[in-house]
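Here is a short briefing to read alongside the model. Take a moment with the fold first, and then we can walk through the details together.

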Amino acid sequence: ITITEDMSFEQLLDAYNYDEPHRGQILQGTVLEVSDDEILIDVGLKRDAIVTRKDLGFLDDSLIATIEVGMDILTYVLQPRDDNGDLIVSINKALELEDWQNAQNSMDEDSIVEATVVDTNRGGLLVRYGRLNGFVPQSHIVSLPRFASQDELEDAKRKLIDDILPLKFIEIDRRRNRLILSERVARTQAEQTRISELKVGQRVTGRVVSIVDFGAFVD
């Protein structure tokens, strides 16, 4: 089977000859031993797989605490054979692949997701979706003031750090490690859904956003 970057997580599981592990292969195994420095996993080959201390450093302590001898776990092959002849695998990379698949599913289903703002740059916001880093271009951020100076925009973006935003995926490219999201598209979809649910005579709560000669605009 030819391996491509756009293969689904399930396809990757079946894509390789399990007798000859390759970098990028997904292996399912059973935990044999857990220590502070490494985890040993039986992946059904002649050699057991090793999750190194470095890879464990990428995992949350709460997740590591759930890993115990006898449990089944998915891993990503980093090195089929290192200098010592060991099979080195990653739990973190396997979980990242699941996040990529979840992102693609959300985009295919045209659904809205939530992501946490972790940082800013001149072009927009950096967000965290699962274990992946995503980017929201400035033109796709609804909550920024209009007609503001660059300093005012940068200050407004910094105030969004740690906020959870409703977003939609507008570009996903696993090969280039690109995950682009939009608050504007998500907001438009949510508004359209909300409007379609409104009925004449229904009482709702809103916020006045502007007042003009002919009336008021209410969010």
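Strands here are DSSP runs of E with at least two residues, helices are runs of H or I with at least four residues, and both are numbered from the N terminus. Please keep in mind that this is a predicted model, in which local features need pLDDT of at least 70 and side-chain atom pairs count only at pLDDT 80 or more, while totals for chains, interfaces and linings use all residues. Residues are numbered from 1 along each chain as its sequence is written, and side-chain values use heavy atoms, with hydrogens and water left out.

**Overall picture**

- The chain has 6 helices and 12 strands. Its radius of gyration is 23 Å, well over the 17 Å that the globule rule gives for 219 residues, so the chain is more spread out than a compact globule. The radius is taken over C-alpha atoms, and the rule is 2.2 Å times the number of residues to the power 0.38.
- Along the principal axes, the C-alpha atoms fill a box of roughly 80 × 40 × 35 Å.
- Of the 219 residues, 36% count as buried. Buried means under 20% relative accessible area, exposed means over 50%, and partly exposed is in between (1.4 Å probe, protein chains only).
- The chain exposes about 13,900 Å², and carbon and sulfur atoms supply 46% of it. Accessible areas come from the Shrake-Rupley method with a 1.4 Å probe; for residues, only the protein chains shown count as cover.
- Among contacts between residues at least 6 apart in sequence, 52% join residues at least 24 apart. A contact means heavy atoms within 4.5 Å.

**Aromatic pairs and the nonpolar patch**

- The structure holds 2 aromatic pairs. Rings of Phe, Tyr and Trp (its six-membered ring) pair if their centres lie within 6.5 Å; planes under 30 degrees apart count as stacked, over 60 as edge-to-face and the rest as tilted.
- Tyrosine 129 and phenylalanine 169 have ring centres 5.1 Å apart and planes at 85°, so this pair is edge-to-face. The pair links distant parts of the chain, with tyrosine 129 in strand 7 (residues 124–129) and phenylalanine 169 in strand 9 (residues 164–173), 40 residues apart. Both residues are buried.
- Phenylalanine 214 and phenylalanine 217 also form an edge-to-face pair, at 6.2 Å centre to centre and 80° between the planes. Phenylalanine 214 is exposed at 71% relative accessible area, and phenylalanine 217 is partly exposed at 43%.
- Val209, Val212, Phe214 and Phe217 form a nonpolar patch on the surface, with about 400 Å² of accessible area together. Patches are made of residues with over 30% relative accessible area and no salt bridge: like charges are joined within 9 Å, and nonpolar side chains (Val, Leu, Ile, Met, Phe, Trp, Tyr) within 5 Å. Valine 209 is partly exposed, at 44% relative accessibility.

**Salt bridges**

- A search of the whole structure finds 10 salt bridges. Each is a side-chain nitrogen of Lys or Arg within 4 Å of a carboxyl oxygen of Asp or Glu.
- Lysine 168 bridges to aspartate 110, with the closest N and O atoms 2.2 Å apart. Lysine 168 lies in strand 9 and aspartate 110 in the loop between helix 4 and strand 6, so the bridge ties together parts that are 58 residues apart in sequence. Lysine 168 is buried at 5% relative accessible area, whereas aspartate 110 is partly exposed at 46%.
- Glutamate 154 pairs with lysine 157, the closest N and O atoms being 3.0 Å apart. These two are 3 residues apart in helix 5, which means a separation of about one helical turn. Lysine 157 is buried at 0% relative accessibility.
- Aspartate 173 and arginine 176 form a bridge with the closest N and O atoms 4.0 Å apart. Salt bridges that share partners also join Arg187, Glu191, Arg207 and Asp219 into one network.

**Backbone and local spots**

- Most residues other than glycine have a negative phi. Aspartate 110 has a positive phi, near 60°, and phi of asparagine 177 is also near 60°.
- Threonine 120 lies in strand 6 (residues 113–121) and is buried at 17% relative accessible area.
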